Amino acid sequence: MKIGIVLYPTFGGSGIVATELGKALSKKGHEIHFITYSEPVRLGELRKNIFYHEVRTSDYPLFKFTPYEQVLTSKLVDVVKFEKLDLLHVHYAIPHASAAYMAQQILKDQGIKIPFITTLHGTDITLVGKDPSFEPVINFSINHSNMVTAVSESLKKETHELFDIKKEIKVIPNFICLNEYKLDNNEFYKRRFAPNNEKIICHVSNFRKVKRIEDVLTTFEEISKKTEVKLILVGDGPERPRLEKISRKSDFKENIFFLGSLKSTKEVLNISDLFILPSSKESFGLSALEAMACSVPVIASNSGGIPEVVIHEESGLLNEVGDTNQMTINALKILSNQ
Ligand code: GMT
């Protein structure tokens, strides 16, 4: 099939899942067309049957806000028509689902039929989508998608609670290719952070408020009072400057490393002993799945879809959102158990 994939090309989980799905489908022989505003970070080398179409916006003095959705819609019409696509798969409802619906209607007018699948990833529903300024458009475009998927049972439930959805929502959990997450202990890399073989705690995210990274810092402080540990924080986002400021005042500041955004997290995960994900909202938690694929146990909050991913007392330990005391107890329990 010829499939158009619409996504956010950034480090966010929805973009990573969409890119990896496209790459895997291309290996099965499908022709994949990524349609977005910049090259997806996880795309890597372009293959024979993978194409990237850039959605270019232009500034016009009249526009206070550049109308990305219209430009995307026009690009979808163009790509579907000239590449003869069979299907569009849009990741993240805003504004991709409504752009796909609009493109579908324009193409219908020209005698071209194009179905589209919408995959709901989380914040498009739980944070942004429920905002009244988006709600009617999201509701409409979900109901008019030819198929709708959500990344966890929890997200499906929340979508039904927040919107009036008539369409069936199929749950397809996030996934990763295990062949790419083989255990690989790079002692040389590990010594760079932990020269005396100290335990390493890791957190990966886009540094937004919803990730509650301050809880990671608090927990790390408490653990550090009991045992020598190192903390690696991977990612970047609006919360980073504030968190850096806090960590620079810490008695353990020498043991905290902010690495910024990394295209691949498996090298860091492979030298880690524990992964922390204390989010207040998390529809799935792809980063936790990546950690577990590298055999790293997870401590996390029990919010949203996390309990579907990290099984309490089996592949990790869960706690109530914000309970840093319990997180410290859980972390010490795991770190002291070989
Ligand atoms: O984690 C983020 O904030 C990024 C966000 C996104 O939309 O890219 O991730 C969401 O989608 C991921 C892939 O389906 C999920 O694994 C994340 O749990 C989800 N994030 C939230 O719900 C906060």
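Against which elements do the buried residues of α8 pack? In this predicted model, where local features need pLDDT of at least 70, side-chain atom pairs count only at pLDDT 80 or more and totals for chains, interfaces and linings use all residues, the buried residues of α8 pack against β8 (199-204), β9 (229-234), α9 (240-248), β10 (256-260), β11 (274-277) and α13. Residues are numbered from 1 along each chain as its sequence is written, and side-chain values use heavy atoms, with hydrogens and water left out.

The names of helices (H or I, at least four residues) and strands (E, at least two) refer to DSSP runs, numbered from the N terminus. Buried means under 20% relative accessible area, exposed means over 50%, and partly exposed lies in between, for a 1.4 Å probe and protein chains only. The buried residues of α8 are Ile213, Asp215, Val216, Leu217, Thr219, Phe220, Ile223 and Ser224. The twelve residues of α8 should span 16 Å at 1.5 Å a residue, and the end C-alpha atoms of α8 are 16 Å apart, which agrees; the expected span is 1.5 Å times one less than the number of residues.

Helix α8 (residues 213-224) also meets helix α13 (residues 324-335), and their axes come within 9 Å and cross at roughly 55 degrees. Such axes are lines fitted to C-alpha atoms, for helices over the stretch in contact, with angles running from 0 to 180 degrees between N-to-C directions. The two helices α8 and α13 are therefore oblique to each other, since angles under 35 degrees count as roughly parallel, over 145 as roughly antiparallel, 65 to 115 as roughly perpendicular and the rest as oblique. On the side of α8, the contact (heavy atoms within 4.5 Å) is made by Asp215, Thr218, Thr219, Glu222 and Ile223, and on the side of α13 by Thr324, Met327, Thr328, Ala331, Leu332 and Leu335.

We turn now to the backbone in the loops. Most residues other than glycine have a negative phi, and most peptide bonds are trans. Arg212, in the loop between β8 and α8, has a positive phi, near 50 degrees, and is partly exposed, with a relative accessible area of 30%. Ser295, in the loop between α11 (286-293) and β12 (298-301), also has a positive phi, near 65 degrees, and is exposed, with a relative accessible area of 54%. The peptide bond from Ile94 to Pro95 is cis, with omega near -15 degrees, and Pro95 is placed in the loop between β4 (87-91) and α3 (96-109).
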